[in-house]
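Here is a short briefing to read alongside the model. Take a look at the structure first, then follow the notes below.

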Amino acid sequence: MYENSTTGGNSSVTIDARSSTELNRKSSISRPPMPPPRKNIVAQNPSSSSRLNRRRCTYIVVAAAAFVLVAGVTIGTSVGLTRDTDNEASSSVDGITAVLSTSSPTASPVIAAPQPTPQPTPQPTPQPTPQPTPQPTPQPTPQPSASGPSTCDHKSLMLSAGTSTVAAVVIEVENAGNLDSRWQKKTSPSGYLGSGILEWNGNNFYNTPGEGLISFDVKIDHPGKYRFQWRNRYGGGSNHDNNDSWLRFPDAEEFYAEKGSQRKCPKGGQSEPCPNGNPEGATKEGWFKVFMNQAGYNYQAKTGDFQDFFIYAEFNQAKVYTLQIAGRSQKHQIDRVVLWRVTDGVQPTETQMSSMSETAC
């Protein structure tokens, strides 16, 4: 057996040699016998010779056709055609069947043409939208912070003192709010200023400050060193038993007593340690015992038993400070309080202080 096979799209034909031999044998057997040649045809008749030649040609053609027919039938039975699953074709001509199989050439992988790397489309750089220049919101003028109240009962003013002026705070104590019932408002004896006086009718608290507390919120608009005085009197029969009360400025920068070059401070107060220690007599927790020993209404306000030191407070900021008074001796009477600024160089007289109006907020 002979095999002619190709790949990659060429035809594949397999022929059995034995079938070919058998075909030839059958072809020779089936071919019709040739008639015996006729002698002297040509010599006897030239036209007969032509006819003879044509007849011979016809025989040859018929024999060839028969051979082709037989060979086609035999080949058709023995020739197989391998068909590719992808592409096949067959044709038949005059009873001769031939099967031709064609396969598409194996497709070569398609290599994509290199594509240019896409470049981003340039975008214009965004420009910030112009914004109006912000204007600062007007703020109120800051006030110095205060540890005391933000509101006030009284304030400092520039008041007349003869031909001069002095920064001063004037308080009518009988106008204090939320009074302890042990403080009694009175309108006798006569000679008081404002609407009356306050008299302490509680127990004696010689060593316990803070009883029957009265507080005033004082706004200092003129910072500086102030002297403390009050218009008072003793209401009982003794100028040394009914003549004092407790006093404190808890948030003043300084609170002390002076006499000449000496300075004394209350025990436990903000001005300790003090150059000359504490005054004689009662003092505790930043409180001074403030007394007087003169009959009638007067502006005496002293501390230190048998020392007579005057009372001062320093207010270094323009803010609200606290003034506190507490009961100590029975029948001590208080009419008004005056604070005046020492640095103005003017010392008001008692008459001048009495003529000053109350400096309420």
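A polar atom of the arginine 336 side chain lies 3.0 Å from the backbone oxygen of methionine 356, a polar contact (N or O atoms within 3.5 Å, one able to donate a hydrogen and the other to accept it; residues adjacent in sequence count only if both atoms are side-chain atoms). This is a predicted model, where local features need pLDDT of at least 70, side-chain atom pairs count only at pLDDT 80 or more, and totals for chains, interfaces and linings use all residues. Numbering runs from 1 along each chain as its sequence is written, and side-chain values use heavy atoms, without hydrogens and water.

**Around arginine 336**
- Arginine 336 sits in strand 21, residues 332-341 (strands are DSSP runs of E, at least two residues, numbered from the N terminus).
- Arginine 336 counts as buried because its relative accessibility is 4%, with buried meaning under 20% relative accessible area (1.4 Å probe, protein chains only).
- Beyond neighbours within four places in sequence, its contacts (heavy atoms within 4.5 Å) include Glu172, Trp230, Tyr299 and Met356.

**Aromatic residues**
- The count comes to 10 aromatic pairs, meaning Phe, Tyr or Trp rings (six-membered ring for Trp) with centres within 6.5 Å.
- One of them joins phenylalanine 228 and tryptophan 230, 5.3 Å centre to centre with 70° between the planes, which makes the pair edge-to-face (over 60 degrees).
- Phenylalanine 228 and tryptophan 230 are both buried.
- One aromatic cluster is made up of Tyr226, Phe228, Trp230, Phe249, Phe255, Phe288, Phe315 and Tyr321.

Conventions. Helix = DSSP H or I, 4+ residues; strand = E, 2+ residues; numbered from the N terminus. Buried < 20%, exposed > 50% of the residue type's maximum accessible area, 1.4 Å probe, protein only. Phe/Tyr/Trp six-rings, centres within 6.5 Å; stacked < 30°, edge-to-face > 60°.
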